[in-house]
Amino acid sequence: MSLNAVRPWRSIDRRKSRQIHVGPVAVGGDAPISVQTMTNTVTTDVKGTLGQILRAAEAGADIVRVSVPDEDSSRALKEIVAESPVPIVADIHFHYKRGIEAAEAGAACLRINPGNIGDEKRVREVIKAARDHGCSMRIGVNAGSLEKHLLEKYGEPCPEAMVESALEHIRILEDNDFFEFKLSVKASDVFLAAAAYQGIAEVTEAPIHLGITEAGGFVPGTIKSAIGLGNLLWMGIGDTLRVSLSADPVEEVKVGYEILKALGLRHRGVNIISCPSCARQGFDVIRTVETLEKRLEHIKTPMSLSIIGCVVNGPGEALMTDVGFTGGGNGNGMVYLAGKQDHRISNEAMIEHIVEEVEKKAAEIEAARAASEAEAAE
């Protein structure tokens, strides 16, 4: 149950946007903010690409984007779409015919960069293919590939140029009575991206896909994305997101969920609250948390676990979590269930015991949810 009614400082008022669909996934409106990633395999390697899609989906990806740079990739896309457990967005650059081929191959959405794809006539042909095959579209404006006339007008990539680019291409889609689109205005510079997103959010009702493009490696990319996307989401802007990292796509999905979990916008799996550890710790906190993160990856049920090294903050944190463990003396610590002290366990047996308690609590939560849904259906 949300506590935002009694804690208004936790509330986020999401921007009102119209709802579209990427396959079965609703984007915008009152739909949950979806998490997206992109494969980095060679698309013609169907087996390898599908393997990566499956791993991303298992980690929680709602949508996966696949690059379609050539005709061979278009042919491979048809096989990929047929086997994918999640909707596929076809990433189209430079050649508009790839967009037409991707629509014919069954892509759920076509991502086009208007600055790269060519003139209005070509964009219109892609729009027709999308309409004919039930695809949505994403207008993907990027600070690194703005149209020449906008760079001449503004002198450099800037928020105003990015917003103007997006509006020009919104006009083309809407003039052709096509409204099943979302848009993005990405930049690698956090300030530029944030300003562009704020600007476009004020002048359109289209759903918005968030991203800090080319954010970098795992650590710096995560930090840049958390700052940029986190602030926009906090302002209520954003209907779907991708964390762009020079890393495994599964890591992009994990980071995306963590950003949403931190803001209370979406919950999936175990939220581990843990201390950084210090000389007071009664057990090896860092090793324990690393182990538990891996051991609990299979839990999809939203729930909370606190792992605190000593009794300074441990009992207080445990009050707010489903399961908790606080280090004590003599090689053992206290287990908390539903915020209350329940029993002690030795440090040696702690990890296995906590995994069991979390699995048991997850099963209880799922059983209660199923019973509630069954009652509502009667």
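**Figure 1. Y96, R98, G99, I100, E101, A102, A103 and A105 are the buried residues of helix α3.** Here "buried" means under 20% relative accessible area, "exposed" means over 50%, and "partly exposed" covers what falls in between (1.4 Å probe, protein chains only). This is a predicted model, with residues numbered from 1 along each chain as its sequence is written, and local features need pLDDT of at least 70. Side-chain atom pairs count only at pLDDT 80 or more, while totals for chains, interfaces and linings use all residues, and side-chain values use heavy atoms, with hydrogens and water left out. Helix α3 runs over residues 96-105, and because 8 of its 10 residues are buried, the rest of the structure largely encloses it. Just past the end of α3, G106 takes a positive phi of about 105°. Helices (H or I, at least four residues) and strands (E, at least two) are DSSP runs, numbered from the N terminus.

**Figure 2. Stepping back for a moment, the protein chain holds 13 helices and 15 strands.** Its C-alpha trace spans about 75 × 45 × 40 Å along the principal axes. How does the radius of gyration fit a compact globule? A compact globule of 378 residues would come out near 21 Å, and the protein chain has 23 Å, which agrees. That radius is taken over C-alpha atoms, and the globule rule is 2.2 Å times the number of residues to the power 0.38. Of the 378 residues, 50% count as buried. Take the contacts (heavy atoms within 4.5 Å) between residues at least 6 apart in sequence: 63% of them join residues at least 24 apart. The protein chain exposes about 17700 Å², and carbon and sulfur atoms supply 52% of that. Accessible areas come from the Shrake-Rupley method with a 1.4 Å probe, and for residues only the protein chains shown count as cover.

Figure 3. At least two residues each come from α1 (46-59), α9 (218-234), α10 (249-262), β11 (270-274) and α11 (285-295). By class, the lining has 10 nonpolar, 4 polar and 12 charged residues. Ala, Val, Leu, Ile, Met, Phe, Trp, Tyr, Cys and Pro count as nonpolar, Asp, Glu, Lys and Arg as charged, and the others, Gly among them, as polar.

**Figure 4. Q36 sits in strand β3, which covers residues 34-38.** Q36 has a relative accessibility of 1%, so it counts as buried. Leaving out residues up to four places away in sequence, Q36 touches I63, R65, V89, R138, K182, H209, T240, L241, R242 and V243.

**Figure 5. T49 is part of helix α1.** Is T49 buried or exposed? Its relative accessible area is 0%, so T49 is buried. With residues up to four places away in sequence left out, T49 touches T39, T41, V42, T43 and I80.

**Figure 6. D177 and E214 each have a positive phi without being a glycine.** For D177 the angle is about 55°, and for E214 it is about 45°. You'll find D177 in the loop between α7 (159-175) and β8 (181-186). E214 belongs to the loop between β9 (209-210) and α9. D177 is exposed, with a relative accessible area of 59%, and E214 is exposed too, at 56%.

**Figure 7. P8 lies in the segment before β1 (20-22), and N330 in the loop between β13 (323-327) and β14 (332-337).** P8 has 55% relative accessibility, so it counts as exposed. From P8 to C109 is 101 residues in sequence and 37 Å in space, C-alpha to C-alpha. N330 also counts as exposed, at 81% relative accessibility. N330 and G282 are 48 residues apart in sequence, with 8.4 Å between their C-alpha atoms.
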